[in-house]
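Colleague: Could you please take a close look at one part of this model, namely its salt bridges, and explain how they are placed?

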Amino acid sequence: MGQSTSKRRKASTGVPPCVGFSASEEGPPRYSPQQFHARNQQQDGGRQIPPTIVVSDEDSSVLSEHRGSRMELRRSSFYSTMDLVPQLEHYASALPSQQARSRPSLEALRRSSEEVEVGTDAANNVDGLSVADGATEESPGPREKAPVRFGWVTGVMIRCMLNIWGVILFLRLSWITSQAGILLTWVIILMSVTVTSVTALSISAIATNGRVISGGAYFMISRTLGPEIGGPIGVVFSFANALACALNTVGFAEVVRDLLQELGVVMVDSTNDVRIVGVVTVTALLLISLAGMEWESKTQYLFFMVLMVSLSNYFVGTIVPPSQEKQAQGIFGYHSEIFITNLKPNWRGPEGNFFQMFAIFFPSAIGILSGANISGDLKDPATAIPKGTLMAIFWTTVSYLGISLTVGSCVVQDASGNVSDTLTGNISDGCLGPGCSLGWNFTDCIQTKSCKYGLANNNKVLGQVSGFHYLITAGVFAASLSSALGFLVSAPKVFQCLCRDKIYPYIGFFAKGYGKNDEPLRAYVLCYIIAVAFILIAQLNTIAALISNFFLCSYSLINFSCFHASITNSPGWRPSFHYYSKWTALFGAVISVVLMFLFTWWAALTTFVIIFFLFGYVNYNKPKVNWGSSVQAGTYNLALSYSVSLSGVEDHVKNFRPQCLVLTGPPNQRPALVDFVGSFTKHISLMICGDIVTEQDRQTQPQEAANSSLKWLNERKVRSFYTPFSADSLRVGARHLLQASGLGKLKPNTLVLGFKANWRDSSPESIEDYINIIYDTFDCNYCLCILRMTEGLDVSEQPGFAVNPGFEPDDYVGNEQQHSPGRESAADNTSERGHSGQMKTVFQKDQGKKTIDVYWIADDGGLTLLVPYLLTRRRHWRSCKVRVFIVGDEENMEEGRDEMMALLKRFRLDFNDVTVMTDSEKPPQAKHLGRFVDSVAPFRLFDEQQDGISAEEPRRKAAGKISDKAFEAFRLKSERKVRLNEIIRRNSQHTALVLVSLPVPHSDCPSALYMAWLDTLTFGLHCPAVLIRGNQQNVLTFYCQ
């Protein structure tokens, strides 16, 4: 934010004016970059002098020399030299709280042009501003080599194609074709492509809705659905990539072992040979990864070239006339008889069904996220990810369809490999299979099920069909190693992003990056250890099922992220990729979950258990991150929709909830008031903490007071809104809050105040304000609660608190027994500092089996009973017994008690202790009445004093005073308040809480006298006391309708 310095300050400090204006008439003035040096700031009397920005008249030729760096001149609009035109770097911040500091604040723009001087923040920002593409300013020191960045072909398309062209293409596709037939194989391929294509469209939409940094699928899901969903997926997806690296490495090791066995070479045994080759291979891949993305990319180029040569070798082999040996192995070239035979399914063995074939083939499609996983290493992720991923899916789909079609047209399902199994003459009686029409008789091996060659029996058919067998072997090597290398790179990249978000504990060690590409070397080593561990197990069939489910779960959440972001209609959802639909995204999410259970139901359940466990942890800890997720947008939509729908529903007594507006001031200064209301509103009803900020408060209150108050409420786990309101006085602010707080039916109906304990020392105006708030409350048809604590409510004397003059500190305690040695400790320690720095109050403590005493003096609609009932539903108050005291006479005591018991029973409140106060009409003791008279004596206006006031003197001199006439008129009421206090102190000296019906103030009752009544009713108690009054409307009912 810019700062301003007046001319007067400049004159006093001796600093000359520093803003000059350009003499150029070609356009608005420009700022000279030579003056943007925050390091040259001067100090004056301990105050920092902001650096100067001089408006220069440099010509365009000089300016062009600076356009290659971020020191390019800042262009102002024609409204003001301070008001800049729209610029990219103003919007380049990663989070809303990190706004570009170069944009002047509204306060700076409103000041006069003679006083404006661009502040320190602006100069610092121009000197070291980062732009959206990550470019940095040129420095006079040696320039560091730019990090390696990839385009959509090399960074996404080739990488995805290498991961999709896995060992399944070379070792399983021919067998799947023999089982399912060409038609169903195409159906399997197209179904897989449908899922991956829909997911790719969702990825494209998410990737183009803002800048995507490193983290791949985790980054997209977490920034769209929030950390609760993104965190678990980040862990699972990283782990799945590490396991996929191990699986592909084992696949490579098994092929190498088979080749060694063909050559008669055995190192230890078949299992340990796989382990040895696998560990050596993954170690070599780790070294390639540690060398940097540049070397990793070059290695992937090599693998891609090998794969292209291998595939070309296969297709060439299909048109080369087969030799006698190849025909004996069932390879005959293109023939319609073979094509027709292999067109239909021929299920064999226990795995012979459609879904099993689908489950075996689908893992070949999991590589579509390989490009997105290295999004931090792409030049333009928003362009590269959609284009590269979709092109990779297209070309790999064409290759899978082409190979299944050609191999199904060239190779029979069963062959013996015996060159002597030819038909002699034209005799074909009893011959089975399509080979009979081609001059070969494989009937014996078909009937005995001993055929070793053909689509159904040999996994190396592609190598036999190809022109040169070992090129297919090289293709298998390239496919498995490229996939393993891709997963070995993806897992650490995703995990590094997860660690940097600090969602889970103890993993921050792996967040550190090294080198120009910010390589996660520590995460590489962790991924390597996991891969080696599972390679040494060498039993990965079970883990393979989990991997497929992990990736399907990721696909499901990616699609759901796109659907959810679209359905919430958030203005922030503006993807530049438009070729998607929220309904196709929903279809992709649902079908992914269905496939999880169709493939392996126990693996699907295991995946969801892991996801829900990780979700529960994140949801419980509530990480302090704000990514503007669609969950927030959805929550807003739901809240708005429900609030609007509630507006059309009439209130019903059964649904009444005490929705409280609490005049707390800064909530951290009155924790007891906050905790009391939170005790009966949390998870039940609305609570709003109102902070009336007067002019004096605005001068002393820090700018971040609102944020600190919200933070305090969140740390205390209080479910409340916080509403600061600027007003000239406490009463004016309270009146406006009473009228304007809430939204629709989510509007307060109860005002909660703290008791003004220092009323005797307060000015008449202050007392009038307080009493008028009570009047305004009843005028607005609100209920009212006034809380009085033994030690007062205000804790602003604690270090770090500022006093709000609207509520004076509660220093007065009028109990003569307060400091007696026999007083219980519970009364002494109504609040104490907790270990977390939060002030712990009596409402946060377990009350045990104490009582809650309710003095239901006046029928107010039932609020006096409802509040203690809601309190007893809380854990700390659950064991408390509620006692109800009512007014009666001795003659009808039992009848009155029975009537009240019947009423309470119909209310279903479970209050079984009713006491009838038969002595409430007795006169109070003289000493107690004398104490009351003494308390109001300073506010009395005796007749002789009143006679001395002439008519010309302002009436305000007598305002708030109690005349003899008024005192006598209300004497009986005053005595009854004193008598009621005697009864309360006798019965409820050491209870947990006392609730007393609040007397409604008469319009002609002096404010000081009414204040004395409130003081008297709650005087001398060792526990919190609540003066409570409903709005004379029912809040309890015993009817069902």
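Modeller: Asp518 is partly exposed, with a relative accessible area of 27%; buried means under 20% relative accessible area, exposed over 50%, and partly exposed in between, with a 1.4 Å probe and protein chains only. This is a predicted model, in which local features need pLDDT of at least 70, side-chain atom pairs count only at pLDDT 80 or more, and totals for chains, interfaces and linings use all residues. Residues are numbered from 1 along each chain as its sequence is written, and side-chain values use heavy atoms, with hydrogens and water left out.

The side chain of Asp518 meets that of Arg500 in a salt bridge of 2.7 Å, N to O; the term denotes a side-chain nitrogen of Lys or Arg within 4 Å of a carboxyl oxygen of Asp or Glu. This pair links distant parts of the chain, 18 residues apart: Arg500 belongs to helix 19 (residues 469-500), and Asp518 to the loop between helix 19 and helix 20 (521-537). Helices are DSSP runs of H or I with at least four residues, numbered from the N terminus. Arg500 is likewise partly exposed, at 38% relative accessibility.

The structure holds 19 salt bridges. Another of them joins the side chains of Arg348 and Asp414 at 2.6 Å, N to O. Arg348 lies in the loop between helix 13 (336-341) and helix 14 (354-361), and Asp414 in the loop between helix 16 (381-410) and helix 17 (443-448), so the pair ties together parts that are 66 residues apart in sequence. Arg348 is partly exposed at 27%, whereas Asp414 is buried at 13%.

Technical notes
Helix = DSSP H or I, 4+ residues; strand = E, 2+ residues; numbered from the N terminus.
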